[in-house]
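This report walks through one protein chain, from its overall form to single residues. Please keep the sequence and the 3D view at hand while reading.

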Amino acid sequence: MKVISFEGFEYSGKSTQIKLLKKYFIKNKIKSTFTREPGGNKDLEKIRNIIIKSNFDNLSLIMFFFASRFSLLSSLKNNDLIVFDRFFDSTYAYQKYNLKEKKLIISLINLIDQKFIPNITFYLKLDKKNLMERKNKRFYSNKFDKKYFGQFSRIQKNYNEISKIKIGKRKFVTIDASLSANEIHEKIIVHLKKCKLIK
């Protein structure tokens with residue numbers, strides 16, 4: 001099994017890159033499954049909607065995310081190549097406020113079957129200036145966007161932290177999200193070929 005995950009703050013262009021990669025895979029007849037977290041199937045999309053509309057405390061959110069995650073993974077056992085739109089890095093980045101939460105999240109990550117640990121994670125890193133510019137151009141946002149927008153520095157720090165934590169044999173690749181969509185896409189394809197995840 002080959003696993004790819006995409007991470008990044010809102011407005012980083014993550015969704016655009018996933019769409020470009022999906023088109024590339026279709027064009028090159030690369031069999032793959034694209035999914036997202038939280039959600040990923042009919043039942044789990046219900047959990048996604050509950051989470052987005054909720055006012056749950058942070059500990060409850062951590063448990064919701066991992067409950068959804070483990071359920072999703074159990075339905076992906078027979079896939080050769082999986083692409084995640086957010087994975088456990090997002091839980092660490094957004095839900096880790098202190099050492100207690102860090103230990104909990106890492107312990108839950110360690111329960112994930114090794115075959116689902118990404119071969120490569122692409123983190124689209126955006127500075128606050130570019131983030132503000134993109135936010136002002138977007139005509140929609142959900143409750144989570146608004147909740148975490150003011151916590152940019154904390155979330156970015158957490159992404160930097162987890163990029164240095166050894167999790168399986170995965171490769172964590174940070175990409176400058178201020179580059180053009182095509183430039184980023186080309187970098188992603190180069191990395192995927194270099195890691196022999198695609199030909």
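**Basis of the values**

This is a predicted model, in which local features need pLDDT of at least 70 and side-chain atom pairs count only at pLDDT 80 or more, while totals for chains, interfaces and linings use all residues. Residues are numbered from 1 along each chain as its sequence is written, and side-chain values use heavy atoms, with hydrogens and water left out.

**The whole chain**

The protein chain contains 9 helices and 5 strands. Here helices (H or I, at least four residues) and strands (E, at least two) are DSSP runs, numbered from the N terminus. Along the sequence their order is β-α-β-α-α-β-α-α-β-α-α-α-β-α.

The radius of gyration of the protein chain is 16 Å, which agrees with the value near 16 Å for a compact globule of 199 residues. This radius is taken over C-alpha atoms, and the globule rule is 2.2 Å times the number of residues to the power 0.38. Along the principal axes, the C-alpha atoms fill a box of roughly 45 × 40 × 35 Å.

Of the 199 residues, 45% count as buried. Buried means under 20% relative accessible area, exposed means over 50%, and partly exposed is in between (1.4 Å probe, protein chains only). The accessible surface of the protein chain is about 10900 Å², and 53% of that surface belongs to carbon and sulfur atoms. Accessible areas come from the Shrake-Rupley method with a 1.4 Å probe; for residues, only the protein chains shown count as cover.

Contact means heavy atoms within 4.5 Å.

**Buried residues and a covered helix**

Gln17 is part of helix 1 (residues 14-27). Its relative accessibility is 2%, so Gln17 counts as buried. Beyond residues up to four places away in sequence, Gln17 touches Phe6, Leu124, Ala181, Ile184, His185 and Ile188.

Phe9 sits in the loop between strand 1 (2-8) and helix 1, and its relative accessible area of 8% makes Phe9 buried. Leaving aside neighbours within four places in sequence, the contacts of Phe9 include Arg86, Tyr94, Leu124 and Phe149. Phe9 and Phe149 are 140 residues apart in sequence, yet their C-alpha atoms are 8.8 Å apart in space.

Tyr94, one of the contacts of Phe9, is also one of the buried residues of helix 4.

**Charges and salt bridges**

The protein chain has 43 positive and 18 negative side chains, and the centres of the two sets lie 3 Å apart. Lys and Arg count as positive and Asp and Glu as negative; His and the chain ends are not counted. The place of a charge is taken as NZ of Lys, CZ of Arg, CG of Asp or CD of Glu.

Side chains of opposite charge can pair when their charged atoms come close. A search of the whole structure finds 8 salt bridges, a salt bridge being a side-chain nitrogen of Lys or Arg within 4 Å of a carboxyl oxygen of Asp or Glu. The table gives some of them.

| Pair | N to O distance |
|---|---|
| Glu7 and Arg86 | 3.8 Å |
| Arg36 and Glu45 | 2.7 Å |
| Lys46 and Asp43 | 4.0 Å |

Glu7 is buried at 0% relative accessible area, and Arg86 is buried at 10%. Glu7, Glu10 and Arg86 are linked in a network of salt bridges.

In the other pairs, Arg36 is partly exposed at 33% relative accessibility, and Asp43 is exposed at 52%. Lys46 and Asp43 are 3 residues apart in helix 2 (residues 42-53), which means about one helical turn separates them.

**Backbone details**

Most residues other than glycine have a negative phi, and most peptide bonds are trans. A cis peptide bond joins Glu37 and Pro38, with omega about -15 degrees. Pro38 lies in the loop between strand 2 (33-36) and helix 2.

Tyr11 has a positive phi, near 75 degrees. Tyr11 belongs to the loop between strand 1 and helix 1 and is buried at 7% relative accessibility. Lys29 has a positive phi near 55 degrees and is located in the loop between helix 1 and strand 2. Is Lys29 buried or exposed? Lys29 counts as exposed, at 77% relative accessibility.
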